[in-house]
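Me: I have not seen this structure before. Could you take me through it step by step?

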Amino acid sequence: MNIRLIKMNSGEDVVCDLIREEADTLVICNPIVMVPQGNGQVGFAPWSPFLSDSVKELSIRRSYTVYISEPKDEVCKNYEEIFSPIIKPSSKIIT
């Protein structure tokens with residue numbers, strides 16, 4: 001996964017898997033938006049909740065973006081837990 005944070009002109013912070021960058025567009029999949037929950041916590045919601053499940057890739061015009069960056073480690077970890085097909089065991093040691 002190539003997890004990126006894309007700040008949109010609309011003010012949304014979109015976390016996604018950046019598939020490729022083209023001249024005028026970004027091709028992404030599994031976009032979610034960060035939603036403030038209060039007390040400094042953030043939740044995630046689908047960026048486009050009415051998008052068909054059959055849509056695997058989206059193209060976004062670069063002109064609609066402010067910047068593309070790497071999100072915090074905690075955001076990446078949460079994103080991977082949501083979208084990774086691999087279930088990772090907890091790091092706790094069983095005694």
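This is a predicted model: local features need pLDDT of at least 70, side-chain atom pairs count only at pLDDT 80 or more; totals for chains, interfaces and linings use all residues.

Me: Let us start with the charges. How many salt bridges does a search of the whole structure find?

Reply: The search gives four salt bridges. In one of them, Lys7 pairs with Asp13 through their side chains, with an N to O distance of 3.4 Å.

Me: And is Lys7 buried, partly exposed or exposed?

Reply: Lys7 counts as partly exposed, because its relative accessibility is 22% and the buried class requires a value under 20%.

Me: Which residue forms a salt bridge with Arg20 at 3.7 Å?

Reply: That partner is Glu57, and the 3.7 Å is the distance between the closest N and O atoms. The pair links distant parts of the chain, 37 residues apart: Arg20 lies in strand E2 (residues 13-21), while Glu57 belongs to the loop between strand E4 (41-46) and strand E5 (58-61).

Me: Which residues are joined into one network with Arg20?

Reply: Glu22 and Glu57 are joined with Arg20 by salt bridges that share partners. The bridge between the side chains of Arg20 and Glu22 has an N to O distance of 2.8 Å.

Me: How accessible is each member?

Reply: Arg20 is partly exposed at 37% relative accessible area. Glu22 is also partly exposed, at 32%, and Glu57 is partly exposed at 42%.

Me: Changing topic: in which sense do strands E3 and E4 pair, parallel or antiparallel?

Reply: Strand E3 (residues 25-38) and E4 pair in the antiparallel sense, over six bridges. Within this pairing, Pro36 has Val42 in E4 as its bridge partner.

Me: What sits between the two strands?

Reply: E3 and E4 form a hairpin with two residues between them. Asn39 is in the turn and has a positive phi of about 55 degrees, although Asn39 is not a glycine.

Me: Is Asn39 buried or exposed?

Reply: Asn39 counts as exposed, because its relative accessibility is 81% and the exposed class begins over 50%.

Me: Where is Met1, and what does Met1 touch?

Reply: Met1 lies in the segment before strand E1 (3-8). Not counting residues up to four places away in sequence, Met1 touches Asp17, Tyr79, Glu80, Phe83 and Ser84. The C-alpha atoms of Met1 and Glu80 are 8.2 Å apart, although 79 residues separate the two along the chain. Met1 counts as exposed, at 52% relative accessibility.

Me: What about pockets? What volume does the largest pocket have?

Reply: The volume of the largest pocket is about 400 Å³. Its lining comprises 20 residues, and those nearest the centre are Asn30, Pro31, Leu51, Asp53 and Phe83.

Me: Which elements give two or more residues to that lining?

Reply: These elements are E3, E4 and helix H1 (73-83). E3 gives the most, with five residues.

Me: What classes of residue make up the lining?

Reply: The lining of the largest pocket has 14 nonpolar residues, together with three polar and three charged ones.

Me: One last point: where is Asn30 found, and what is its phi?

Reply: Asn30 is found in strand E3. Its phi is positive, about 50 degrees, although Asn30 is not a glycine. Asn30 counts as partly exposed, at 33% relative accessibility.

Terms used
Residues are numbered from 1 along each chain as its sequence is written. Side-chain values use heavy atoms; hydrogens and water are left out. Buried means under 20% relative accessible area, exposed over 50%, partly exposed in between (1.4 Å probe, protein chains only). Helices (H or I, at least four residues) and strands (E, at least two) are DSSP runs, numbered from the N terminus. Two strands pair if DSSP finds at least two bridges between them. Contact means heavy atoms within 4.5 Å. On a 1 Å grid over the protein atoms alone, a cavity is a set of points where a 1.4 Å probe fits but cannot get out, and a pocket is an open set with protein on both sides within 12 Å along at least five of seven lines; lining residues have an atom within 4 Å of a point. Grid points are joined across faces, edges and corners, and a volume is the space filled by probe spheres set on the points. Ala, Val, Leu, Ile, Met, Phe, Trp, Tyr, Cys and Pro count as nonpolar, Asp, Glu, Lys and Arg as charged, and the others, Gly among them, as polar.
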